[in-house]
Amino acid sequence: IGSRPSWGLGALAIPDVASDAGGSAGAQRLPPGAEEYRLLASRVAALNACVDLFVVAEEAYVGVDALRPLVQNTGGSLIYYSGLDTSALPQDLFRIFSRPLASKALLRLRCSAGFQVARAYGHLTADDQYSNLFHINSCHSESCFALDLEFDNPSGVMTNLDVQPTMQLAFSYSCIVPVPGTNSYQVQRRLRLETSRSEVGRLSQDMFGSADGDVIISLLTHKIIHALATEGLAEARMLLQDWLVMLSARYNEHLMRRREMQIDVNFQKFQNLASLPRLVFGMLRGRLLDAGASSRDDRAFVAHLCTSLAPEALSLLMYPRLCAFPDLKTKQPAETGLALSHMSIAKRDTAIFVLDAYTEMLVFYTKDAAATHPFPPPPDCTLRRYLQEVKDARAICPHVSHAQDGDQSAYDFLGRLIEDDSGG
């Protein structure tokens, strides 16, 4: 699709400015006509069909937020390009239609005594009759789902410490496989079982030390996306900030009890949590929660993408990774995970930088680097091969752009150094 549906059944009106801002007035209102796509999504899902949507935006508003249920409820793929110049449509079409798919899938979850599944996130729908049973129209090897667990009694899992907390997952799906010795294919039904056990933490240090920062941000993002849809942008931003404040307060309450100790807001005792403040800041300043950083269509696309990404990829989308290469011949970056600030650039004035934001990659030459290395990078250089390897490993082909300091092309890269100001 290249423009907003504007005629007949399912025609979408251009939303007003107040609705597009998603401010304090509450949930962002969908334009008239959006309900038609929600009803159509239910009918398509009932037929076990899958809808993929590729949007090449040629006007200000296309209607991705209204069309999104048609994709999400059927297990399809949604890819948004801001224009033809950033489009990688041929590459993405090939990747999506050539990768193996699982269809008509059922996901069943069981927990041992003491806790239960509270909520499930991702491109799935709960069964109307049976609890903890979910339907998935279509998925692939990079599809990701998330679960919220809660205690089902006041004592939790402490009632029987002889039994480790256990969760079992049963995943049943259909796939197309080749028939041995022939050139034909057949549909095969498969069942996969996975059982996981966890230790019970006796102290608060055990809980903080065993937590995974990327997984925490992934679950948090699912909840923020739900708040964004039901309560609006302003409330979602406030909930995210409140969550970080409460986490820091509980952390200091349990681990920094001495009066002479200073308040630790960077989780210095646990490196596995040290990335949380930066990721939350990146989320507040990023395409999902900053109304000035993206269009309404782009924000809907990012929300859809976040609901199926693996935790590591989602963290990359929330806070892009800045890497430094000393030259064009180095196979791997000399430094990675740099702060998104001008200071990071100034300290490495001869380096070539790569900013990886998952859906796009920016190559930036400093003035000294531009004076000693060809710009843009030659097709046969090692840096180009590194970029291609990263692109090949992605579910979505990222758009690669090049910029050099002192040029007009540098504005986009320098504008992404979000730690240099406190706006937003």
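## A buried histidine

His373 has a relative accessible area of 18% and is therefore buried (buried means under 20% relative accessible area, exposed over 50%, partly exposed in between, with a 1.4 Å probe and protein chains only). The residue is placed in the loop between α12 (367-372) and α13 (382-392); helices (H or I, at least four residues) and strands (E, at least two) are DSSP runs, numbered from the N terminus. Apart from neighbours within four places in sequence, His373 is in contact with Pro326, Asp327, Leu328, Ile352 and Tyr365, where contact means heavy atoms within 4.5 Å.

The model is predicted: local features need pLDDT of at least 70 and side-chain atom pairs count only at pLDDT 80 or more, whereas totals for chains, interfaces and linings use all residues. Residues are numbered from 1 along each chain as its sequence is written, and side-chain values use heavy atoms, with hydrogens and water left out.

## Helix α8

Helix α8 (residues 276-285) is largely enclosed by the rest of the structure, because eight of its 10 residues are buried. Among them are Leu276, Leu279, Val280 and Arg285. The buried residues of α8 pack against α6 (213-231), α7 (233-255) and α10 (311-318).

## The loop between β4 and β5

Leu124 lies in the loop between β4 and β5 and is buried, at 15% relative accessibility. Its contacts, leaving aside neighbours within four places in sequence, are Leu107, Phe134, His135, Ile136 and Phe145. Leu124 and Gln72 are 52 residues apart in sequence, with their C-alpha atoms 8.1 Å apart in space.

## Salt bridges

The whole structure contains 14 salt bridges, each a side-chain nitrogen of Lys or Arg within 4 Å of a carboxyl oxygen of Asp or Glu. In one of them, Arg95 pairs with Asp392, the closest N and O atoms being 3.9 Å apart. Arg95 belongs to helix α4 (residues 89-98) and Asp392 to helix α13, so this pair ties together parts that are 297 residues apart in sequence. Arg95 is buried, at 15% relative accessibility.

Asp148 and Arg119 form another salt bridge, at 3.4 Å from N to O. Because Asp148 lies in strand β7 (residues 146-151) and Arg119 in strand β4, the pair ties together parts 29 residues apart in sequence. Asp148 is buried at 7% relative accessibility, while Arg119 is partly exposed at 42%. A salt bridge also joins Arg416 and Asp412 (3.2 Å, N to O). Through shared partners, salt bridges link Arg119, Asp148 and Lys223 into one network.
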